[in-house]
Amino acid sequence: MNTRNILHLDLDTFFVSVERLRNSALNNKPIIIGGTSDRGVVSACSYETRPFGVYSGMPMKMARRLCPEALQIRGDMDQYSKYSHVVTDIIAEEAPLYEKMSIDEHYLDLTGMDRFFGTLKWSRELRQRIIKESGLPISFGLSTNKSVAKIATGEAKPNGELQVAQQQVLPFLSPLSIRKIPGVGHKAFQTLRTMGVDTIETLRMVPPEMVTRVLGKNGKGVWKKANGIDPTPVKPYRERKSIGTERTFSEDRTDTARLEEIIAAMTEKLAFELRQKQKVTACVTVKIRYANFDTHTKQQRIPYTGLDHQLIKVARELFRKVYDRRMRVRLIGVKFSHLVHGAHQLNLFEDSSEMVKLYQALDSLRNRYGSHIVHKALAMKRL
């Protein structure tokens with residue numbers, strides 16, 4: 001089997017970089033982005049704030065206390081989404097196969113390309129084009145699989161590049177902290193640390209059965225990644241990727257208020273499904289089929305989100321624009337498209353930590369009792 005060549009591209013401190021591109025006076029200054037009230041949450045922070053202990057997801061009040069000289073910015077998801085699309089469009093023009101993992105992260109499969117020209121040279125040229133045309137700093141890791149490429153990107157930051165050839169994989173990984181392995185969260189890190197496992201080399205020496213026993217079903221995958229093994233393919237990214245739902249009525253309807261309630265409830269259910277998959281959407285479509293079978297749709301591009309109250313507002317507005325009150329409705333539907341991973345990062349953009357906690361609590365109840373059990377007041381009536 002031929003050695004794979006996987007490229008991982010990651011925009012450096014993406015939200016911060018966009019703000020600095022729009023206002024050069026912010027360069028080299030400590031910046032915190034997110035909800036600006038005391039109840040707000042840090043969505044992103046610049047490298048200058050890291051030595052003070054500031055990190056994404058921290059309460060804004062605590063971040064301000066740790067780094068009082070930091071500049072606070074509410075942030076603009078419209079702008080961040082726009083620049084994300086700019087970078088993706090460049091990659092789509094150049095890459096034979098790519099996967100958009102999140103608003104600021106892409107994987108490219110360059111396997112076989114080295115028969116025509118060097119993959120490292122090609123990757124460098126792509127990176128330079130992205131920097132030139134978007135104005136944003138971006139780092140890359142190039143290696144034999146997704147995990148090693150992603151770890152390499154982390155080591156290349158900020159605004160750097162790193163290739164790890166097949167024969168270099170194990171020596172490269174060995175001295176690194178187990179925290180660097182994709183999929184090793186805080187809990188898994190603490191569990192392994194209590195076993196005396198702190199480097200990837202040490203983890204490799206632990207029998208895979210023991211790692212599985214202490215970490216559960218993900219243990220074997222973590223052990224394989226420590227050994228430089230990750231067969232996960234780069235899945236082709238298409239803007240058509242979507243989730244949706246439709247409802248056909250047993251009797252045609254014209255009650256506008258009730259139709260809006262159903263649209264809201266459908267949207268809320270889809271938004272929950274998005275968050276379960278750790279995804280966000282950048283496009284909402286509403287569909288109406290009338291009694292005479294004429295079908296009309298209307299869609300709107302939006303800043304990436306996975307939150308009910310934002311998506312319901314858009315869906316209701318689209319419904320009002322497309323609905324002809326003179327005709328009876330046979331079917332209505334809602335669809336989210338342009339999906340990417342990143343729900344956690346973008347949900348931190350909420351105005352308050354209470355809102356984030358509310359969504360977490362509601363989703364926990366839905367997971368336990370079913371998605372049909374819990375609805376917000378605007379969608380309380382039964383479907």
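Biologist: Which side chain of opposite charge is nearest to D230, and how far away is it?

Modeller: The model is a predicted one, and what follows should be read on that basis. The nearest side chain of opposite charge to D230 is that of K225, 5.3 Å away. D230 is buried and yet has no salt bridge; the cut-off for such a bridge is 4 Å between a side-chain nitrogen of Lys or Arg and a carboxyl oxygen of Asp or Glu. The residue lies in the loop between α10 (219-226) and β9 (242-253).

The side chain of D230 does have polar partners. When neighbours within four places in sequence are left aside, D230 is in contact with R4, N145, K146 and S147.

K100 is found in strand β5, residues 98-102. Its relative accessibility is 2%, and K100 therefore counts as buried. The side chain of K100 is joined to that of S84 by a polar contact of 2.9 Å, and a polar contact of 2.9 Å also joins it to the side chain of Y304. The C-alpha atom of K100 is separated by 8.4 Å from that of P236, although the two residues are 136 residues apart along the chain.

S84 leads on to helix α3. Among the buried residues of α3 are Y80, Y83, S84 and V87. The end C-alpha atoms of this helix are 26 Å apart, which agrees with the 26 Å that its 18 residues should span at 1.5 Å a residue. At the start of α3, a side-chain oxygen of D76 comes to within 3.0 Å of the backbone nitrogen of D78.

The largest nonpolar core holds 35 residues, of which L7, L9, F14 and L108 touch the most other members. Elements giving two or more residues to this core include β1 (6-11), α1 (14-22) and α3 (77-94); α3 gives the most, with six residues. Residues up to four places away in sequence not being counted, F14 touches Y80, Y83 and S84, as well as I103, D104 and L136. A second, separate core of 26 residues includes I263, I302, A315 and Y323.

Technical notes:
Residues numbered from 1 in each chain as written. Predicted model: local features only at pLDDT ≥ 70, side-chain atom pairs only at ≥ 80, totals over all residues. Heavy atoms only, no water. Helix = DSSP H or I, 4+ residues; strand = E, 2+ residues; numbered from the N terminus. Buried < 20%, exposed > 50% of the residue type's maximum accessible area, 1.4 Å probe, protein only. Lys, Arg positive; Asp, Glu negative; His and termini not counted. Contact = heavy atoms within 4.5 Å. Polar contact = N/O pair within 3.5 Å; in protein donor to acceptor, adjacent residues only side chain to side chain. Core = buried A, V, L, I, M, F, W, Y, C linked by side-chain atoms within 4.5 Å. Expected span 1.5 Å × (residues − 1).
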